[in-house]
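Subject: Structure for your files

Dear colleague,

Here is the structure I said I would send. My notes on it follow below.

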Amino acid sequence: MPTFTGLSVPSLRLVLSYIFDWICIIAIAAVGAGWEYLTPYKRPFSPVNLDISYPFEEHETIPTWLMAVIGLVIPAAIIFLVCIIFVPGPTASRGTPKLLIWRRKLWEWNTGWMGLALSLATAFMVTQGMKLLFGKPRPDLLSRCRPDLGRLAQAAVGNYVGGGAGDNELNPAWVMVTDAICQNTNEDIMKDGFKSFPSGHASFSWAGLLYLTLFLASKFSVAIPFLAPRPFSTNPAYTSAITPSNLKSRASTDRSILPVHKQESSLTAPGYSENDAVVPIRYQSAAPPVYTLVLILTPVGTAIYVASTRFTDFRHFGFDLLFGSLIGITTAWFSFRWYHLPITRGAGWAWGPRSYQRAWGIGVGVGSYVGTEGWSRQGKSETQRNGPNTNGVHHQGYAAEATSQDGIIEMERRDGLRGRNDGTAAGQPIYVSHAQGAHVV
C-alpha cells in the first residue's frame, strides 16, 4: 500500500467506489429535476369549490432559491465548519500526526456531505414524482385558472349535479371539470397549479435541516441520556444510591474512564467484595446542558417555519405539508444512519470506509463491507490488531491507522503505553482514558 509519512493511502478501487457513490446521488437529484419538465396528472375540480378559491400569490414568502439556501447551502456550510474546526475533538493527543488528523477531518466532511446530499436528492426525487402522479389542485387553482363558465359543457366530467329540466335547486356550475375550462394560457403556472401534493418546500427543508440537526446532535452529544445494556446481575451496587463510582478511586491508574468489571454477577455469589469496581447506573450518563438544545431547536424550528409559509401563501393544504414533512424526516433519518453511527453510542463519528475488496459490493454470506484486507491490496488492515496473522504475515492494525470510532489513536500507541510496567501482556487490551485520546488498543 502506498504510504506518506507513515500513513496508508486508500486504493484507487476504493476511491473510485466513493466517487461513483457521488455520481449516483447526483443522478437521483437529476431524475427529480427532469421530472419537473413533465406534465402532471390534472385531477378534475369544481369551479365552485371554495377550498381551491384562494388568491394566487405571485410573491412567495420563501421562494425556491431561498429554500435551496436554507435546506442545502447553509447546512452544507455548517457541516464543513464543524468538521474542519471541531473534528477530531479532545480525543486526539498532542502527539497525533497532523496528516492523520486531517485525514479524519476530510473523511467526516465527506460523509457529512454525502449524507446531506443523499437526504436532499432522495426527498427531491420522491416529492417530484408524487406530484406528477397525484396531480392534486393547489388551494389557489381557480385564481390561476380563471374558469370560463361558458365552457362548462365542453369541460364537464360526467353529468351535472343540478341544473337539469325542472331542477333549479343547485348551481349549474356544481360540476367536475377539467382544465379545459381555464382561460389562463400560461402553461407553467397551470402545470404548477396541479402540484399541491406533497409539499416540496416541506420535504426539502426537513430533509436538509433535520439531517443537520442529527449531525450536530451527534457531533456535540446532544441526546437523551442513554443507559447501555448490561448482563443481568443481582449485585445491588448497580442501583444503589450510596455506592460510589470508582471514577475517582481509579483515576490515578489511568486505565479507563469506566472501570474494568473484575467480577461478573452470579446468582450463587454470597457477597460482593468488588462493589468498588461497579459504576452505579445513575452515574453512567447525564443530561447535556440545556443550552445545547439550541443546536436541535433552531434547524427544526426553521423547517417548521418554511413549511408554514406554504400554508399562508395558499400553496398547499395542511395534509400536503404533513406528508411532505414526513418524506423529508424519513430521508434525513435514513441518510444520517446510512453514514453515521447512532447518536447515543457513536461518540459523534461517521462509519469508516469500506475495505478495498468489498468497495463495489459483497456476496451472500460475507456480512459486512469491512474486512481484514484494509484499504488496498497491500494488506495493511484497519480492523486487525498489530501482529502476525495465522500465516505469519505481519499486519499493522487499527492501533497504527487510528480508525477507532471512539477517538483517534495516535500512531504506534504501544510505544507510549507498553513501557509503563503496568503488567499488561502483549496481547491484552489497554484501557485508555478519553483525556488521552482513545478507548481500547
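**What was found**

Among contacts in the chain (heavy atoms within 4.5 Å) between residues at least 6 apart in sequence, 75% join residues at least 24 apart. This is a predicted model, in which local features need pLDDT of at least 70 and side-chain atom pairs count only at pLDDT 80 or more, while totals for chains, interfaces and linings use all residues. Residues are numbered from 1 along each chain as its sequence is written, and side-chain values use heavy atoms, with hydrogens and water left out.

The chain has 11 helices and 4 strands; these are DSSP runs numbered from the N terminus, helices being H or I of at least four residues and strands E of at least two. Of the 441 residues in the chain, 41% are buried (under 20% relative accessible area; exposed is over 50% and partly exposed in between, with a 1.4 Å probe and protein chains only).

**Cysteines**

A search of the whole structure finds 1 disulfide, defined as a pair of cysteine sulfur atoms within 2.5 Å. Cys 145 and Cys 182 form it, with their sulfur atoms 1.9 Å apart. The link is left-handed, at -105° about the S-S bond.

**Helix H1**

Helix H1 (residues 12-34) has 23 residues, so at 1.5 Å a residue it should span 33 Å; its end C-alpha atoms are 32 Å apart, which agrees. The expected span is 1.5 Å times one less than the number of residues. Its buried residues are Leu 14, Ser 17, Tyr 18, Asp 21, Ile 25 and Gly 32. They pack against helix H3 (98-134) and H9.

**Helices H7 and H9**

The axes of H7 (residues 200-219) and H9 (residues 318-339) come within 7 Å and cross at roughly 35°. Axes are lines fitted to C-alpha atoms, for helices over the stretch in contact, and angles run from 0 to 180 degrees between N-to-C directions. Residues of H7 that meet H9 include Trp 206, Leu 210 and Phe 215, and those on the H9 side include Gly 324, Gly 328 and Trp 333.

Regards
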